[in-house]
Amino acid sequence: MRFAIDAMGGDKAPDALIQGTLQAAQITPEDQFILVGSEEARPVQPLPDNVAWHISTQVMAMDENVQNLLKKRDSSIWIATKLVKDGEVDAVISAGSTAAQMAAAVILLGKIDHLLRPAIATTLPSLQGPKIFLDIGVNADIEPPMLLQFAQMGAVYAQAIGVADQPQVALLSNGAEEHKGNALTREAYALLGQSNLHFIGNREGRDLLIGNYDVMVTDGFSGNIAIKSMESAFHLMTAILKKELTAKFSRKIGAILIKPALNELKKALDYQVYGGAPLLGIKGLSVVCHGSSGAEAIVASFRQARSCYQHHLTDKIAEAILS
């Protein structure tokens, strides 16, 4: 498989992107990797035979107005996405501005026919294994039919990466009852109930990490708040545990004994293990990584993109939207 990597995007760019790519290139030497970045960011040491460097002269900043993208056609995210459009690579990976990555994908690759809006789907850890949650940020204001399409895309994605063969789809709301929620969720509930999806009704925010579903759908505004709240809760929990377990000598001994269990807990909740989140509904593969992704998350994103490619995710989503 062939990848384009936006080496300039993200809080830890370019180092994390470069290191993650080099690790992935060693793991799968049969794959080809093109890092897109400035001449100054290019590593001094020679790159492996399956890694190339494509020079770009511009960068889209994390907080930059996405309208500037068309003025920056030599930016790393634009060039990396154009490599997909031109058929030179099979997927693009970036930890930079999500808005810029989405805009580049829509402009250069285009939306799947009859799709109302693309969405970003992430993998959530839960008590019952990994689950799919979307949208997590690009569609703040939507209509009920869009939630139906999010559910269709999420179900296809869940099948593609092995979450479930027949995904159970739920709608995020403020109560499990059918009449709960706002106008958007109540109308979406009716549409999902009439679809050919395995719709299991509403689920509440507390269900996200319990995992009594396979795919959870919501609007990008609520999804983004939910995902960032969970990240904050995880950091708070680990900080409190670290503080309390080292407060006394006797606790430090106990901390040593339970360290393996704590490491497993951290691994289960760490987003870096799952990698990025694909843009669903685009005519091509574009994987959005967390802005603070390290090398481990970048490596995981390559695995994720490979799985989507091997399972023909884009084609299957197009079929689902038309059904």
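1. A quick word on exposure first: a residue is called buried under 20% relative accessible area, exposed over 50%, and partly exposed in between, using a 1.4 Å probe and protein chains only. By that scale Glu177 is partly exposed, at 37% relative accessibility.

2. Please keep in mind that this is a predicted model, in which local features need pLDDT of at least 70, side-chain atom pairs count only at pLDDT 80 or more, and totals for chains, interfaces and linings use all residues. Residues are numbered from 1 along each chain as its sequence is written, and side-chain values use heavy atoms, with hydrogens and water left out.

3. Now to the charged pairs. A salt bridge here is a side-chain nitrogen of Lys or Arg within 4 Å of a carboxyl oxygen of Asp or Glu. The structure has eight of them, including the one between Glu177 and Lys180, whose closest N and O atoms are 3.4 Å apart. Lys180 is partly exposed, at 28% relative accessibility.

4. Have a look at Asp90 and Arg2, which form a salt bridge with closest N and O atoms 3.0 Å apart. Asp90 sits in the loop between helix 2 (76-85) and strand 4 (91-94) and Arg2 in strand 1 (residues 2-6), so this pair ties together parts 88 residues apart in sequence. Helices (H or I, at least four residues) and strands (E, at least two) are DSSP runs, numbered from the N terminus. Asp90 is buried at 14% relative accessible area, whereas Arg2 is partly exposed at 31%.

5. Finally, Asp31 forms a salt bridge with Arg306, the closest N and O atoms lying 2.4 Å apart. Asp31 belongs to the loop between helix 1 (15-27) and strand 2 (32-37), and Arg306 to helix 8 (residues 295-310); the two are 275 residues apart. Asp31 is buried at 3% relative accessibility, and Arg306 is buried at 14%.
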